[in-house]
Amino acid sequence: MFKYNCLNPISQVGLDYFDEKYEKVDDYKDAEAVLVRSANMHELEIKDNLLAVARAGAGVNNIPSDLCAEKGIVVFNTPGANANGVKELVIAGMLLASRDLIGGISWVNENKEDPNIQKVVEKAKKSFAGGEISGKKLGIIGLGAIGVRVANAATNLGMEVYGYDPYISIDAAWSLSRSIKHIKNVEEIYKECDFITIHVPLLDSTKKMIDKSAISLMKNDVVILNFARDLLVNEEDMVEALKNGKVKKYVTDFPNPTVAGVEGIIATPHLGASTEESEINCAKMAVKQLKDYLENGNIKNSVNYPSCNMGICTDVSRILIFHKNIKNMISQFTTILGKADINICNMTNKSRGDSAYSILDLDKVVNDNVLNEIKNIEEVLRIRVVK
Ligand SMILES: NC(=O)C1=CN([C@@H]2O[C@H](COP(=O)(O)OP(=O)(O)OC[C@H]3O[C@@H](n4cnc5c(N)ncnc54)[C@H](O)[C@@H]3O)[C@@H](O)[C@H]2O)C=CC1
Ligand SMILES: O=C(O)CCC(=O)C(=O)O
């Protein structure tokens, strides 16, 4: 029986994939597996009984993934599962920044008691006129699951799209419409585009990437959209640029005391992935990945351990070893198992950064003495028996 806990509400459609081998627990500290959306796990104690964390979403800046790797805890995310939800909100954000829909709707609500509203509206509406997005230049920074979808959708809406991503994956490059202009220097986006949207992860290298100096290169009246993370933008610089008229609108999905209520800022309450479809997709993917790892040791879409798939074990036993990515580890495992008269029928070993992971299918059950001998190797972080 595996115990799991949900740190945020997770779609029941996904949780229903857990069968009788799983029990939901109320206390995070008792769980071997955790499902999380935006809860800040940096504030929680990472207990030794925890085996895996599944982020039902894309961004993992709320999870101490490196610390988890050191403890042999696998952290998963669900790439692309909520990307369509975010894409649609980005398109809405561009439209809200171009047409004063918010002002116009407020006007109607404020004048709802006026019996002449039908007449007055024709005079009043000129205050809410705007521009069209078709024909405008859109710069996209980060062409992953969301960036590619935004690029293709904006192209279909008649925008001229510039895309920048020095680390673009082959899959993303194949999915991108051919009409998107490939930009090699982000400054070209700053200088050329009427709308700029960022879709990169929050990393040390991307933190505050949109700051005073980036904004100074941009066109006057630029619209900047941030549906990725607030810390990607130096928001004090952004507020200043809105005040002095350089930036026309800042559309953000991350309200905080710096941006909430500021003129020229359109803020939504972190709604990018809040659609029924995205929540179901994320929950299903997260639960499937957790189950395959907990029951078989297979890893797919982890952000701190390598992908590894040995299917379902058809031999007598399967052990999983998390260890440091250094030489002579495998030879130590084979020596200990060989001494115990255990044959390795099948194995795989993969590494990612400082961490490595081995799955070993064996012809005998491993006793506690042998397991302890492997566990006591200094560079072994964790060992698990799944069969
Ligand atoms: N508002 C919301 O509710 C949501 C926000 N997000 C945020 O959006 C981010 C992106 O999500 P996805 O597209 O699903 O992730 P992804 O991992 O598919 O794409 C990120 C892309 O950014 C690129 N990249 C990394 N550093 C870069 C740099 N310095 N310059 C240009 N490109 C760079 C990567 O190569 C990758 O292609 C997430 O990390 C998350 O923070 C994601 C989903 C929902
Ligand atoms: O779960 C959510 O609503 C947040 C989604 C998000 O920000 C992400 O997937 O990175």
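Among contacts between residues at least 6 apart in sequence, 64% join residues at least 24 apart in this chain. The model is predicted. Its secondary structure comes to 13 helices and 16 strands. The C-alpha trace spans about 90 × 45 × 35 Å along its principal axes, and 40% of the 387 residues are buried.

**Nonpolar core**

The largest nonpolar core holds 104 residues, and within it Leu35, Ala52 and Ala286 touch the most other members. The element that gives the most to this core is helix 11, residues 276-296, with eight residues. Leaving aside residues up to four places away in sequence, Ala52 touches Ala33, Ile73, Val74, Phe76, Leu290, Tyr293 and Leu294.

**Ligand 1**

Ligand 1 is surrounded by 34 residues. The closest are Gly59, Gly142, Gly144, Tyr167 and Gly272. Helix 3 (83-98) and helix 6 (145-156) each supply at least two residues of this shell; helix 6 gives the most, with three residues.

Why does ligand 1 lie between domain 1 and domain 2? Domain 1 (1-81 + 276-305) and domain 2 (83-267) both give residues to the shell around ligand 1, so the ligand is placed between them.

**Ligand 2**

The residues around ligand 2 are Arg37, Ser38, Gly57, Ala58, Gly59, Asn82, Gly272, Ala273 and Ser274.

The make-up of the two shells is set out below.

| Shell | Nonpolar | Polar | Charged |
|---|---|---|---|
| Ligand 2 | two residues | six residues | one residue |

An unreviewed UniProt entry carries the annotation "domain: ACT" for residues 318-387. In the model, the end C-alpha atoms of residues 318-387 lie 5 Å apart. This span is 27% helix and 43% strand.

**Summary of the ligand surroundings**

Residues of domain 1 and domain 2 contribute to the shell around ligand 1, with helix 3 and helix 6 each supplying at least two residues.

Methods. Residues are numbered from 1 along each chain as its sequence is written. Chains are lettered from A and ligands numbered from 1 in the order in which they are written. This is a predicted model: local features need pLDDT of at least 70, side-chain atom pairs count only at pLDDT 80 or more; totals for chains, interfaces and linings use all residues. A residue is near a molecule or strand if its C-beta atom, placed from the backbone, lies within 6 Å of it. Ala, Val, Leu, Ile, Met, Phe, Trp, Tyr, Cys and Pro count as nonpolar, Asp, Glu, Lys and Arg as charged, and the others, Gly among them, as polar. UniProt positions are given in the numbering used here, feature names are shortened, and annotations may be inferred rather than shown by experiment. Helices (H or I, at least four residues) and strands (E, at least two) are DSSP runs, numbered from the N terminus. A nonpolar core is a set of buried Ala, Val, Leu, Ile, Met, Phe, Trp, Tyr and Cys residues joined through C-beta atoms within 7 Å. A residue is buried if 20 or more other C-beta atoms lie within 10 Å of its own, exposed if 12 or fewer, and partly exposed in between; C-beta atoms are placed from the backbone. Two residues are in contact if their C-beta atoms, placed from the backbone, lie within 7 Å. Domain bounds come from an automatic or database domain assignment.
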